[in-house]
Amino acid sequence: MKQAKRTGNLGEDMACQALAQAGYQIIERNWRYAKGEIDLVAREEETWAFVEVKARHGRKSGYPEEAVTPTKLTRIQEAAENYLAEHNLDDVNWRIDIVAIELDHANHIKSLRVLKGLTADED
């Protein structure tokens with residue numbers, strides 16, 4: 001397995017743990033549809049959260065959350081809308097969250113930030 005894939009899987013495990021500790025219920029991991037994937041589908045109380053996880057070693061490529069570009073957000077939003085439609089979840093509150101994780105050389109968390117992003121109401 002490539003290093004980036006290992007880091008991604010580790011980041012998702014860490015994100016699930018952190019979100020669960022923060023009161024989120026993890027519904028699905030790596031939900032796929034024809035045009036893409038959502039890393040984590042979760043709920044925080046009555047709000048559905050479609051979570052993009054970015055984990056990095058160091059900042060030579062910038063902060064992890066900087067990898068979530070406007071184009072990437074548009075893709076995540078489209079995926080979230082497809083998830084909601086496929087699961088007959090009409091009229092629910094939802095948003096896109098980002099979990100940004102910085103790891104040290106031993107894969108320990110240096111920082112983990114949950115950035116609560118777009119909501120369906122902000123369109």
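Let me start with strands S1, residues 24-33, and S2, residues 36-44, which pair in the antiparallel sense over 8 bridges. A strand here is a DSSP run of E of at least two residues, a helix one of H or I of at least four, numbered from the N terminus, and pairing requires at least two DSSP bridges between two strands. A hairpin through 2 residues joins S1 to S2.

The model is predicted, so local features need pLDDT of at least 70 and side-chain atom pairs pLDDT 80 or more, while totals for chains, interfaces and linings use all residues. Residues are numbered from 1 along each chain as its sequence is written, and side-chain values use heavy atoms, without hydrogens and water.

Within the pairing, Tyr24 has Glu44 in S2 as its bridge partner. The side chain of Tyr24 also makes a polar contact of 3.1 Å with that of Arg95; that term means N or O atoms within 3.5 Å, one able to donate a hydrogen and the other to accept it, with sequence neighbours counted only if both atoms are side-chain atoms. Arg95 lies in strand S4, residues 93-103, and is buried at a relative accessible area of 8%, buried being under 20% with a 1.4 Å probe, protein chains only.

Now the cores, meaning buried Ala, Val, Leu, Ile, Met, Phe, Trp, Tyr and Cys residues joined through side-chain atoms within 4.5 Å. The largest has 16 residues, and Tyr83 and Trp94 are among those touching the most other members. Helix H2, residues 70-86, is one of the elements giving two or more residues, and its 5 residues are the largest share. A second, separate core of 14 residues includes Tyr24.

Definitions and conventions: Buried means under 20% relative accessible area, exposed over 50%, partly exposed in between (1.4 Å probe, protein chains only).
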